Amino acid sequence: MRILVVGAAGAERTESSLARAARALGHEARVLDALGWRRRLGEAGGLVLRWQADRFAPDLVLCTRHAASAGERTLRHLVRGRRSAFWYFDAVQPLPGRVVTLARGVDAVFATYGYQVEAFRALRLRAEFLPQGADPELDRPAETAPSAYHCDLAFVGSGDYPRRHAVLAELARHFTLQVRGPGWAELAGQLPVAGGTVRAAEFARVARGARLMLGVDALEAQRAEARGGTSNRLWRVLAAGGATWASTWTTSKSSPGTGSMPSGTATPRMRWSWRGARWPTTRSAPASRRPAGPTCWPGIPTPTGSSCCSRDRATPPRSWCARTAATR
């Protein structure tokens with residue numbers, strides 16, 4: 001099958017990962033840079049996109065949200081007489097107008113959040129739940145992590161969402177935390193910001209250097225997720241050999257069987273994937289001063305489902321949840 005992925009081009013873009021996955025399955029695949037051509041040529045970019053698509057003659061046109069940059073007229077041309085689908089990765093609610101327009105122009109829609117599937121279905125569109133995954137060409141364990149990357153917790157994501165700020169600030173009071181991603185510069189005095197945008201190779205180093213990688217929802221709407229939909233951060237962390245920890249808001253200061261952090265009003269309670277795991281209740285000491293006794297690592301199960309223990313807290317155990325042979 002000849003598959004045309006329409007969206008944004010770039011070696012580390014999701015569109016490129018989709019094309020690589022298709023080729024790995026024996027298909028012929030190409031990325032059509034709708035976003036790039038619109039930025040370069042404006043409306044005239046549609047002519048280039050139509051010419052490139054017709055020359056490739058795809059059997060299937062797979063769109064991401066950036067395909068909307070091509071414009072309605074060009075999109076109608078791209079999908080005419082061809083099977084088409086739209087894979088939507090974002091959590092934003094309500095659905096943006098251009099996303100709805102794109103979804104109405106294709107045969108089927110797939111979304112990485114269950115509540116987004118329901119939103120598309122409410123518009124009488126054919127929609128199904130389809131989570132993302134990791135790209136083995138980009139997401140793989142790092143051989144080493146510089147000492148500057150060593151910490152208890154690390155978060156990689158945008159700082160443009162206030163919901164994350166309080167959670168991370170509270171965790172920073174109790175653990176060594178490093179925050180990276182766009183949009184954090186103005187909060188450098190309030191949070192331990194360690195860097196800006198993180199590319200694939202650096203993401204693997206961050207995952208190796210941190211004991212746990214955090215997942216903090218950006219939007220309130222994500223709390224309504226019931227099918228297990230999540231950011232691709234989860235899959236990337238696991239592919240990099242790391243362990244991850246997801247957050248939710250609660251007003252309770254403790255909950256049996258779950259880890260909890262002290263707080264005055266709203267508590268960022270951490271949801272465990274495996275019950276019974278223990279987490280230190282005070283800020284961890286530097287690796288050189290940590291005790292050598294056994295310590296449980298939450299979220300890293302053995303093949304039997306119980307939590308792992310590591311003799312040396314500076315060296316996390318093998319991550320079975322990532323199903324990878326590498327240790328961090």
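**Salt bridges and a pocket in a predicted model**

Good morning. E170 counts as buried at 11% relative accessibility, whereas R173 is exposed, at 54%. Buried here means under 20% relative accessible area, exposed over 50%, and partly exposed in between, with a 1.4 Å probe and protein chains only.

A word on the source. This is a predicted model, in which local features need pLDDT of at least 70 and side-chain atom pairs count only at pLDDT 80 or more, while totals for chains, interfaces and linings use all residues. Residues are numbered from 1 along each chain as its sequence is written, and side-chain values use heavy atoms, with hydrogens and water left out.

The chain has nine helices and 14 strands, taken as DSSP runs (helices H or I, at least four residues; strands E, at least two) and numbered from the N terminus. Of its 328 residues, 49% count as buried.

Let me return to the salt bridges, of which the structure holds twelve. R236 and D139 meet in one of them, at 2.9 Å from N to O. R236 lies in helix α9 (residues 233-239) and D139 in the loop between β6 (127-129) and β7 (151-156), so this pair ties together parts 97 residues apart in sequence. Both R236 and D139 are buried.

R121 and E128 form another salt bridge, with 3.3 Å between the closest N and O atoms. R121 is partly exposed, with a relative accessible area of 33%, and E128 is also partly exposed, at 39%. Together with E118, these residues are linked in a network of salt bridges.

I close with the second largest pocket. A pocket is an open set of points, on a 1 Å grid over the protein atoms alone, where a 1.4 Å probe fits, with protein on both sides within 12 Å along at least five of seven lines; lining residues have an atom within 4 Å of a point. How many residues line the second largest pocket? There are 18, of which M1, I3, L60, L62 and A85 lie nearest its centre. The elements giving two or more residues to this lining are β1 (2-7), α1 (14-24), β3 (60-63) and β4 (83-88). Thank you.

Technical notes
A salt bridge is a side-chain nitrogen of Lys or Arg within 4 Å of a carboxyl oxygen of Asp or Glu.
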